[in-house]
Amino acid sequence: VQVYSGSCDGLVTIGCVTGASNTSNILLNNLNIGDTYYARVYSTTSTAGTFSTFNICIITPSIPENDDCNNASNIDCGETLTTNTIFAQNDVLPASACGSTTQGYFKSIWYTTTAINSGPLTISSCGSSYDTYLRAFTGDCGNLTCVSNAQNVGYSDDNCSSDSTIGNTNASKMTFNAGYKADKLLVYG
């Protein structure tokens with residue numbers, strides 16, 4: 001995706017990104033009200049017959065309220081959310097990182113939930129339009145502990161490939177045993 005200002009006979013590139021994992025996002029600042037901007041969507045392959053299906057969405061993003069652990073948004077069990085991390089700030093990983101510390105930019109948002117029963121609990125971003133990475137913690141923001149899931153780690157990366165309802169297999173899903181009613185879960189992803 002490439003975005004231009006100017007006119008067709010004198011375009012000036014103001015943003016360009018080569019998307020990976022089924023998504024390309026460009027954050028543009030300082031646009032002028034009333035000016036026309038042009039978006040070019042193109043393929044990076046020269047293979048004959050290659051085509052793409054795409055959607056374009058233009059939004060005015062804001063910093064998410066749950067951009068840090070102390071402002072984690074509550075999710076009720078069974079609830080599904082639609083959101084994005086477009087304006088999320090770069091994070092400093094907790095001391096208990098739960099997985100790779102080289103996983104990219106760490107532009108994440110935080111959620112919390114309280115287990116209502118003991119037993120398996122699944123957190124899923126399957127169906128997401130971009131590559132997701134989930135981390136799960138218990139405790140409070142100043143003293144987080146990784147949750148032990150089926151792989152004995154507190155994170156998930158690219159575990160949606162067995163889900164036939166999704167379009168992006170780079171999304172994540174993790175299942176672990178929730179504790180008692182008072183346990184608090186912090187999800188970072």
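Trainee: What makes Arg40 count as sitting over the ring of Tyr42?

Mentor: Distance is the part we can check here. In this predicted model, the charged end of Arg40 is 4.0 Å from the centre of the Tyr42 ring. The rule asks for CZ of Arg within 6 Å of the ring centre, plus an angle within 35 degrees of the ring normal. The pair is listed as a charge over a ring.

Trainee: And how many aromatic pairs are there?

Mentor: One aromatic pair. To be counted, ring centres must lie within 6.5 Å.

Trainee: Why is Ile58 called exposed?

Mentor: Its relative accessible area is 79%, and exposed means over 50%, so Ile58 gets that label. You'll find Ile58 in the loop between β3 (38-40) and β4 (73-74).

Trainee: Why is Pro64 called buried?

Mentor: Pro64 comes out at 14% relative accessibility. Buried means under 20%, so Pro64 counts as buried. Pro64 is in the loop between β3 and β4.

Trainee: Which residues does Pro64 touch, leaving aside neighbours within four places in sequence?

Mentor: Asn84, Phe87, Ala88 and Ile109; a contact needs heavy atoms within 4.5 Å. Ile109 is 45 residues away along the chain, with its C-alpha 7.3 Å from that of Pro64.

Trainee: Is Asp67 buried or exposed?

Mentor: Buried: Asp67 has a relative accessible area of 10%, and the cut-off is under 20%. Asp67 also has its place in the loop between β3 and β4. Not counting residues up to four places away, Asp67 touches Ala88, Gln89, Asp91, Ser108, Ile109 and Trp110.

Trainee: How much of the protein chain counts as buried?

Mentor: Of its 189 residues, 29%. The chain exposes about 12,100 Å², with carbon and sulfur atoms supplying 48% of that.

Note on methods. Residues numbered from 1 in each chain as written. Predicted model: local features only at pLDDT ≥ 70, side-chain atom pairs only at ≥ 80, totals over all residues. Heavy atoms only, no water. Helix = DSSP H or I, 4+ residues; strand = E, 2+ residues; numbered from the N terminus. Buried < 20%, exposed > 50% of the residue type's maximum accessible area, 1.4 Å probe, protein only. Areas by Shrake-Rupley, 256 points an atom, 1.4 Å probe, with all protein chains shown as cover. Phe/Tyr/Trp six-rings, centres within 6.5 Å; stacked < 30°, edge-to-face > 60°.
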